[in-house]
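User: Hi! I'm new to reading protein structures and could use a hand. Could you walk me through this one?

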Amino acid sequence: MAQSLRYFLQVFVVVATIGFGAAEVSRGFTVNTHDLTVLVNANTTFEIYTSQNLDDNINVKLEYKEHVDLNPDSFVYQAGSSFNQIVTVTGRHAGHVEITASSDPSESWITNDLFVRIVVAKSEAIIYISIVVGWIYFVAWSVSFYPQIWINYRRKSVEGLNFDFLTLNIVGFSLYSMFNLGLYFFQEMQDEYEARHPHGVNPVLLNDVVFSLHAMFATCITVAQCFMYERGLQRVSKTAFGLLGLFALVIIISAGLAGGEVIHWLDFLYYCSYIKLTITIIKYIPQALMNYRRKSTVGWSIGNILLDFTGGTLSMLQMILNAHNYDDWASLFGDPTKFGLGLFSVLFDIFFMLQHYVFYRHSNESSSSDLTTDTRVQNEAQNEAVEKY
């Protein structure tokens, strides 16, 4: 669905641009689609055509790897003629392959737009299973913010929820939203990304934008609850303030360099994403330490953890399914960042579940109220002071 909406927006922009007479039409050969999926031992097609008649005879040779067979894999264009060529693609081995072209005469404008990214899959069923798994973990991660909001509302207290974790979370999701919005909506960023990755695909889809904005919104609600409800002696620590100051310094310097055209604004977005990755790695530590020191998880929603664990596990499952279906294990282990971050989060979720259900289970069960130990001690001290007075 996200890809369909994205395609619609792209078509709308192109049509609107043509309407104002500013469209840049390819002068050479192009194709009806730049992305195809084909099963092993199955066929699909794409079309090569020209948007205008060319003045010379041109020999074109399609270049590709052994994952597919093409028929035909070369053709001759006759000068001055209208032209379209249907090419049949047969999948041979699972994997990713890019079809490009060379021409005689060898001028770059002739074949610049003649490329197709092809994914050869082993099973159509696994493709649909992967899509379903993707939507399930998207929903699980989206819903995971609300158990904490609900428990805060029910208790009228945010004690037990670590403020360092919450502060790092809102900063991380704000930077993640900035990255997604920049690459999805700003043409300057998209043009720079295309210049660096000529045949690449924009990594940000509509569901990425929606998720990051929703995550930021839900976290803002939780932050607002910290000002509305009982919070006891909890504060943001000096360590967290120090980290935020360091992150702010990096953002300000990189924004200044981008504003002074020393670096591109796309690099600024990358720096923001690096900070988000750093926050993802460290944000769970303050909450785990707080639970350990209190010997309790009261006030910290286990529902949030269970949903996050579900989302993280399914996210890794999807990556494994795709790696198997496309015979692309290098993307899983060759660049371990995404898989490693998912595994890291899941391991922390398991640790939190152990804290809640094993280590501090009796402490949670014996809690006589919804308030934390710190609040009960503080309230008892206040009551004693009143009685003495």
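User: Which residue does Asp73 meet in a salt bridge?

Analyst: The side chain of Asp73 meets that of Lys61, at 3.3 Å from N to O. A salt bridge here is a side-chain nitrogen of Lys or Arg within 4 Å of a carboxyl oxygen of Asp or Glu. This is a predicted model, where local features need pLDDT of at least 70, side-chain atom pairs count only at pLDDT 80 or more, and totals for chains, interfaces and linings use all residues. Residues are numbered from 1 along each chain as its sequence is written, and side-chain values use heavy atoms, with hydrogens and water left out.

User: Where do Asp73 and Lys61 lie?

Analyst: Asp73 is in the loop between β5 (68-71) and β6 (74-77), while Lys61 is in strand β4 (residues 58-63), so the pair ties together parts that are 12 residues apart in sequence. The names come from DSSP runs numbered from the N terminus: helices are H or I with at least four residues, strands are E with at least two.

User: How many salt bridges does a search of the whole structure find?

Analyst: The search finds five. One of them joins Asp35 and Arg117, at 2.8 Å from N to O. That pair links distant parts of the chain: Asp35 belongs to strand β2 (residues 35-39) and Arg117 to strand β9 (residues 116-121), 82 residues apart. Asp35 is partly exposed at 42% relative accessibility, whereas Arg117 is buried at 18%.

User: OK, switching to the surface. Which residues form the negative surface patch?

Analyst: Glu188, Asp191, Glu194 and Glu261 form that patch. Patches are made of residues with over 30% relative accessible area and no salt bridge, joining like charges within 9 Å and nonpolar side chains (Val, Leu, Ile, Met, Phe, Trp, Tyr) within 5 Å. Lys and Arg count as positive and Asp and Glu as negative, while His and the chain ends are not counted. Glu261 sits in the loop between α8 (238-259) and α9 (265-282), and it is exposed, with a relative accessible area of 71%.

User: And which residues make the nonpolar patch?

Analyst: Among them are Leu246, Val250, Leu257 and Tyr271, and the patch covers about 790 Å². Accessible areas come from the Shrake-Rupley method with a 1.4 Å probe; for residues, only the protein chains shown count as cover. The largest share, five residues, comes from α8. Tyr271 is in helix α9 and is partly exposed at 32% relative accessibility.

User: What is the phi of Asn41 near?

Analyst: Phi of Asn41 is near 65°, a positive value in a residue other than glycine. Most residues other than glycine have a negative phi, and most peptide bonds are trans. Asn41 is in the loop between β2 and β3 (43-50), where it is exposed, with a relative accessible area of 60%.

User: Last one: how many helices and strands does the protein have?

Analyst: It has 15 helices and nine strands, and of its 389 residues, 42% count as buried.

Methods. Buried < 20%, exposed > 50% of the residue type's maximum accessible area, 1.4 Å probe, protein only. Charge placed at Lys NZ, Arg CZ, Asp CG, Glu CD.
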